[in-house]
Amino acid sequence: MCAQWYSQSSFDVRLEWGLTAAEQLAQEADCVVIVDVMSFSTCVSIATNNQALIYPWPWKDASAQRYAQENHADVASFDRTFAGGNYTLSPASLLHIPAGHRLVLPSPNGSTLSFKARDCGAAVFSGCFRNRLATAKACAGFERILLIPAGERWPDGSLRPALEDYLAAGAIIAALGKRKLSPEAQAAKAAFQGGDFSALRHCASASELHARGFSADVELCLALDASHRACALIDNAYRSLPGETPDH
């Protein structure tokens, strides 16, 4: 367990980065929001918006196929992470996924964080810009809320804080209304409210997608409030919460 002064335990809404946050802080939270904008959380939002089921999986290897078989699901392609043609971690590839489709989505960031938070006993949500209002509404009834910007990885495996994840976490926090925010959560909220949102089209993660020919994915990831559905991890799969109004 982390030292008490790192836990932000005296606040209702907390924010901390990456896998270590899930390992150290999720056990003291009632709900955890995983924020991996480019592209896991956006993929989850788009797919569940169509009433598909997304099974997160941390590893891009043969175990993903076995896991898919166990859950009567397909597995998204991981040979080419942002490739077209098949279901992948490219949000555009999931725009027309049919209702009821079961898909295992291998993702070392978003999936790993999802499992770690779930294993700590917290309710787990996947949040992004698209569903930030719905995510905040789904979290409103919980007392202790932890937001985890996933970030990316440098070649040496160390965490690269990702601006888009930080600002999306701040956008969800801003939608939570009046709560007792940790200084870390306050800073993310202020960054979202005071920043130039359009500049995210040129952040490091977006620049990578542009360079690889996936500018359409950038626009999907930055579509603020495009979905009215929250994404909850239930029985190992992300799905839309019951009772949500379908989007058109």
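User: Is cysteine 231 buried or exposed?

Analyst: Buried means under 20% relative accessible area, exposed over 50%, and partly exposed in between (1.4 Å probe, protein chains only). Cysteine 231 has a relative accessible area of 0%, so it is buried. At 26% relative accessibility, cysteine 120 counts as partly exposed. This is a predicted model: local features need pLDDT of at least 70, side-chain atom pairs count only at pLDDT 80 or more, and totals for chains, interfaces and linings use all residues. Residues are numbered from 1 along each chain as its sequence is written, and side-chain values use heavy atoms, leaving out hydrogens and water.

User: How many disulfides does a search of the whole structure find?

Analyst: A disulfide is a covalent bond between the sulfur atoms of two cysteines. The test is a pair of cysteine sulfur atoms within 2.5 Å. The search finds zero. For cysteine 231, the closest cysteine sulfur is that of cysteine 128, 6.6 Å away, which is too far for a bond.

User: Why is H6 largely enclosed by the rest of the structure?

Analyst: Because 10 of its 13 residues are buried, among them Tyr166, Leu167 and Ile172. After H6 comes glycine 177, with a positive phi near 80 degrees.

Technical notes: Helix = DSSP H or I, 4+ residues; strand = E, 2+ residues; numbered from the N terminus.
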